Amino acid sequence: MPLPLASFAVSAGLGLAKTAIDRIGAGTPSPAQAKAKKTAQDFEAMFLEQSLDRVFSGTGEDGPMGENGTGGGVYRSMLVKEYASTITKSGGLGIAAPIYAELMKLQEGAR
């Protein structure tokens with residue numbers, strides 16, 4: 001029974017993260033804001049990619065995610081990168097919004 005609850009928690013978290021990211025994009029951002037937003041989202045994608053890579057590293061030697069045959073590891077790394085990118089574009093984990101806020105604070109403090 002924990003699997004349906006985990007699925008619900010993930011979908012709720014994704015919805016909250018998407019709302020936070022949408023708030024970041026409200027209005028016309030300055031070039032510095034746009035760059036900070038992209039940097040925050042890129043960081044989240046990289047974080048997800050590293051996390052998912054650890055998850056899929058233990059999938060075994062057989063099947064499409066294994067090391068069997070030429071390019072199995074390359075295929076897996078490309079697939080993990082695409083998963084991370086897709087998750088980030090659909091709202092991510094919600095870490096891009098706080099990173100963006102901190103980047104903007106740092107930029108304000110540098111002026």
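Tutor: A residue is buried under 20% relative accessible area, exposed over 50%, and partly exposed in between. Keep that in mind for this predicted model.

Student: Is Gly73 buried, exposed or partly exposed, and why?

Tutor: Gly73 has 25% relative accessibility, so Gly73 counts as partly exposed. Gly73 sits in helix H3.

Student: How far apart are the C-alpha atoms of Gly73 and Ser57?

Tutor: They are separated by 9.3 Å. Along the chain, Gly73 and Ser57 are 16 residues apart.

Student: How do I read two packed helices?

Tutor: Two numbers describe such a pair: the angle between the axes and the distance between them. Take H2, residues 31-56, and H3, residues 72-89. Their axes come within 8 Å and cross at roughly 135°. H2 and H3 are therefore oblique to each other. The crossing of H2 past H3 is right-handed.

Student: Which residues make the contact?

Tutor: H2 supplies Gln41, Glu44, Ala45, Leu48, Glu49, Leu52, Asp53 and Phe56. H3 supplies Arg76, Val80, Lys81, Tyr83, Ala84, Ile87 and Thr88.

Student: How many of the residues in the contact of H2 with H3 are nonpolar, polar and charged?

Tutor: Eight are nonpolar, two are polar and five are charged.

Notes
Residues are numbered from 1 along each chain as its sequence is written. This is a predicted model: local features need pLDDT of at least 70, side-chain atom pairs count only at pLDDT 80 or more; totals for chains, interfaces and linings use all residues. Side-chain values use heavy atoms; hydrogens and water are left out. Axes are lines fitted to C-alpha atoms, for helices over the stretch in contact, and angles run from 0 to 180 degrees between N-to-C directions. Helices (H or I, at least four residues) and strands (E, at least two) are DSSP runs, numbered from the N terminus. Angles under 35 degrees count as roughly parallel, over 145 as roughly antiparallel, 65 to 115 as roughly perpendicular and the rest as oblique. A crossing is left-handed if the near helix is turned anticlockwise from the far one by less than a right angle, and right-handed if clockwise. Contact means heavy atoms within 4.5 Å. Ala, Val, Leu, Ile, Met, Phe, Trp, Tyr, Cys and Pro count as nonpolar, Asp, Glu, Lys and Arg as charged, and the others, Gly among them, as polar. Buried means under 20% relative accessible area, exposed over 50%, partly exposed in between (1.4 Å probe, protein chains only).
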